Amino acid sequence: MPGKDRLLLAGHPHHLVRKSQGNEPIFLDEADYNHCLGQIRKLSQDYNLSVHAYCLLPDRIHIIATPHGDPTDLSTFMKALSCRTSLRRKNLHGRSSAWEVRYRSSPVEPGQWLLACMCYVERLPVIHELTTSAYHYHLSSYRMRLGKTDHYWLKDPEEYARLGSSIQERAEAYRTYMSNGLDRSEETMIDTAVQRCRLTGSIRFVKEVYREYGILGINRGPGRPRKRRKKPDG
């Protein structure tokens, strides 16, 4: 696990975030968003990452991905993605890079917390009031997950695969999960974990990582995503 202020764990899903400085827009037109999505797909293949979820917002990128080799491939992936979007910004728009100096990352506990993080990332457009429904935001992985795009290139984790025996069953079960949403404390837990580069998960997960790596990556927050009653989709 390289680095003193960033936790990168082999074989574990990670919540990755790259933000702009001062909330400056990163993407200046629709083609910029499409270029970035294409680079996420290509670079994830180049660096042997499984992308489980993503969302592009005007001033930041959120990705849930698992490295299958050296976990530092996550850093190389994020650096390459940032550089390519910055080069496009400079060459086509005459603008300098707007990224913060470093990206943020949080290893995510497999199981319910991974599904919660996927839900959080795909609901960000609703949380940020960019749309009233995650379904209508085409710059996240949610529509792809529901089979509403031409290509399905997400790498679904086992947690998602267990939601149903077919693509349609899994999509419907996940749609229900999304409609339940997360409560404010759970959203805060996920957000603060990645902002602080700490672990997203239970105390048990924190202890497991401490035993294996000797690093205490605790993040204060609720111990487990709770089961929720269904409410209208956001």
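1. Ground rules. Because the model is predicted, local features need pLDDT of at least 70 and side-chain atom pairs count only at pLDDT 80 or more, while totals for chains, interfaces and linings use all residues. Residues are numbered from 1 along each chain as its sequence is written, and side-chain values use heavy atoms, with hydrogens and water left out.

2. The sheet. Four strands form an open sheet in the order β2-β3-β1-β4, with antiparallel pairing. Strands here are DSSP E runs of at least two residues and helices are H or I runs of at least four, numbered from the N terminus; two strands pair if DSSP finds at least two bridges between them. At the edges sit β2 and β4 (104-107), each pairing on one side only. From one strand to the next, the twist averages 15°.

3. A pair worth a look. Strand β3 (residues 60-67) runs antiparallel to β2 over eight bridges. Within this pair, Ser50 stands opposite Thr66 of β3.

4. Helices on the sheet. Helix α2 (residues 73-93) packs on the sheet through β1 (14-19), β2 and β3, and its direction makes about 30° with that of β1. Helix α3 (residues 112-127) also touches β1, β2 and β3, with its direction about 30° from that of β2. Contact means heavy atoms within 4.5 Å; axes are lines fitted to C-alpha atoms, for helices over the stretch in contact, and angles run from 0 to 180 degrees between N-to-C directions.

5. The cores. A nonpolar core is a set of buried Ala, Val, Leu, Ile, Met, Phe, Trp, Tyr and Cys residues joined through side-chain atoms within 4.5 Å. The largest has 56 residues, of which Ile40, Leu56, Ile63 and Phe77 touch the most other members. Its largest share, eleven residues, comes from α3. Leaving aside residues up to four places away in sequence, Ile40 touches Val51, Leu56, Ile63, Phe77, Leu81 and Trp153. Another core lies apart from it and has six residues, including Leu7, Leu9, Leu199 and Val209.

6. Two positive phi values. Asn48 is not a glycine, yet its phi is positive at about 60°; Asn48 lies in the loop between α1 (30-46) and β2 (49-57). Cys197, also a residue other than glycine, has a positive phi near 60° and is found in the loop between α7 (184-195) and α8 (203-213). Buried or partly exposed? Asn48 is partly exposed, with a relative accessible area of 43%, and Cys197 is buried at 9%; buried means under 20%, exposed over 50% and partly exposed in between (1.4 Å probe, protein chains only).
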